[in-house]
Amino acid sequence: MMDRQTLVGLIVTLGILLGVLELVRRRRLREEYSLLWILTALALTVLNLWSAPLDWFAALTGIFRPTVLFVIAVGFFLLILLYYSTVLTRLADQNKDLAQEIALLRHEIEQLRRAGQDHPPAEG
Amino acid sequence: MIQTTVPAPIQIASGDSAARVVVIIPAYNEAGHIAQIIDRVRASVPGAAVCVINDGSKDDTGRVAAAAGAITLNMPFNVGIGAAVQTGFLYAYRHDYAMAVRLDGDGQHPPEIIPALLEALQRGDADMIIGSRFLTAEPAGYRGTLPRRIGIRLLAWVIGWLTGEPPTDPTSGLLAANRRAIAFCAHEYPHDYPEPEARVLMHRAGLRVREVPAAMRERLGGVSSITTARSVYYMSKVLLALLLDAIRMPRWKG
């Protein structure tokens, strides 16, 4: 018979897994960004059902045994958040570079257009 | 009429750079004053190109600046002062200008001081000349409120500690840059509140910065990007950024 904590854990990880898969299916989440979530959900499911590593980890760190799984889950989530912060930084930098290029190109286009009006092209 | 034009030979880059000096003016909602500032820049440095960076203004800033004859770079959305100024440096860099002046579009920086900045730059002992409110002999001119002056002192102390060269006016955005400093700023200009950070970054890149006295005014219009409510956030963010700038890997090596 499964204890309650295991059951709750399974529901949560299954929920994450299904939610992530659904977002990927609807093309609202790229595979590359879903990978960390899927790995996290799978790892937590395994640890939830096979608890030997948790016993070892609790003994090693002195963390209260029933909370070990949650502590590990929080660790995974922190890694995901940190990873996404780096993604955000990259996107923000690229966004800025693009905005600057757009402003510069727009100006060049206007100049070309004006020059084109000053020198109308030959017929033909 | 639809034109499928291959325009006649034109020179964008070479034509512009003949003047060799470009005055970069970042502007956000300054439609009321920008034309006057452009005219004053023209009067004090005839022959210089004037480049207004319209940072996603909600008013007519872009159109007014273009009508006044300025090279107008319209950002597609508000990118913040650092990225806006960097766009101006990018323009100066790509069009091979020898010197660039940066001046705020809100009237705080009197354009009449530009010749003095350029003259100081041409002495060749610095890559960037920065106008300082606190070097002027006479107490006249705008120096900011007391809390702001305390903040400025703190920034100056931290920058001095990090670089060995304490500035007198670490938040001044009035500057003149030579080719080397233009290249640096085009590639690596901090965002948000860039002026204090630029001091540390330029020092690390081996660029020489010198201050000259410059009287400043109260802004003609618009709203300061640093409101009282934001100043605590501003100070902590800048202080953190300064410390990180001192250890961060450089993006550009010139």
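In chain B, helix H2 (residues 34–44) has buried residues at Ile34(B), Ile37(B), Ile38(B), Val41(B) and Ser44(B). When H2(B) is viewed down its axis, these buried residues fall within an arc of 135 degrees, so they line one face of the helix. This arrangement may be read against the geometry of helices in general: an α-helix has 3.6 residues a turn, so residues three or four places apart point the same way. The cover over the buried residues of H2(B) includes strand E1 (21–27), strand E2 (49–54), helix H3 (61–67) and helix H5 (114–122) of chain B. The model described here is a predicted one.

The sheet of chain B is considered next. It is an open sheet of 7 strands in the order E3-E2-E1-E4-E6-E5-E7, with mixed pairing. At its edges stand strand E3 (71–74) and strand E7 (209–213) of chain B; each has a single partner strand, so one side of each is left without a neighbour in the sheet. From one strand to the next, the twist averages 20 degrees. Helix H4 (residues 81–94) of chain B packs on this sheet, where it touches E1, E2, E3, strand E4 (99–102) and E6 of chain B. The direction of H4(B) makes about 160 degrees with that of E1(B).

Strand E5 (residues 128–132) and strand E6 (residues 175–177) of chain B run antiparallel and are joined by 3 bridges. Within this pair, Met128(B) stands opposite Ala177(B) in E6(B). Helix H7 (residues 179–187) of chain B also packs on the sheet, touching E4, E5 and E6 of chain B. The direction of H7(B) makes about 105 degrees with that of E6(B).

Strands E1(B) and E2(B), by contrast, pair in the parallel sense, over 6 bridges. Pro26(B) has Ile53(B) as its bridge partner in E2(B). In E2(B), 6 of the 6 residues are buried, so the strand is largely enclosed by the rest of the structure. Ala49(B), Cys51(B) and Ile53(B) point one way from E2(B), whereas Val50(B), Val52(B) and Asn54(B) point the other way, and all are buried.

Between E1 and H2 of chain B lies a loop that contains Asn29(B). Asn29(B) has a positive phi of about 55 degrees although it is not a glycine.

The largest cavity holds about 70 Å³ of space. Its lining consists of Met128(B), Ile130(B), Pro170(B), Ser172(B), Leu175(B), Cys185(B), Tyr189(B), Glu195(B), Ala198(B), Arg199(B) and Met202(B). E5 and helix H8 (194–204) of chain B each supply at least two residues of this lining, and H8(B) gives the most, with 4 residues.

Chain A contains 4 helices and 0 strands, and along its sequence the pattern is α-α-α-α. Of its 124 residues, 24% count as buried. Among contacts in chain A between residues at least 6 apart in sequence, 56% join residues at least 24 apart.

Two loop residues of chain A may be described individually. Arg27(A) lies in the loop between helix H1 (4–25) and helix H2 (31–49) of chain A. Although it is not a glycine, Arg27(A) has a positive phi of about 60 degrees; at 78% relative accessibility, it counts as exposed. Thr67(A) is found in the loop between helix H3 (52–61) and H4 of chain A, and at 32% relative accessibility it counts as partly exposed. The C-alpha atoms of Thr67(A) and Leu54(A) are 9.7 Å apart in space, and the two residues are 13 apart in sequence.

The second largest pocket contains about 700 Å³ of space. Of the 24 residues that line this pocket, the closest to its centre are Asp93(A), Pro190(B), His191(B), Arg248(B) and Arg251(B). Helix H4 (68–118) of chain A, together with H8 and helix H9 (228–245) of chain B, are the elements that give two or more residues to this lining.

Notes:
Residues are numbered from 1 along each chain as its sequence is written. Chains are lettered from A and ligands numbered from 1 in the order in which they are written. This is a predicted model: local features need pLDDT of at least 70, side-chain atom pairs count only at pLDDT 80 or more; totals for chains, interfaces and linings use all residues. Side-chain values use heavy atoms; hydrogens and water are left out. Buried means under 20% relative accessible area, exposed over 50%, partly exposed in between (1.4 Å probe, protein chains only). The arc is that of the directions from the helix axis to the C-beta atoms. Contact means heavy atoms within 4.5 Å. Two strands pair if DSSP finds at least two bridges between them. Axes are lines fitted to C-alpha atoms, for helices over the stretch in contact, and angles run from 0 to 180 degrees between N-to-C directions. On a 1 Å grid over the protein atoms alone, a cavity is a set of points where a 1.4 Å probe fits but cannot get out, and a pocket is an open set with protein on both sides within 12 Å along at least five of seven lines; lining residues have an atom within 4 Å of a point. Grid points are joined across faces, edges and corners, and a volume is the space filled by probe spheres set on the points.
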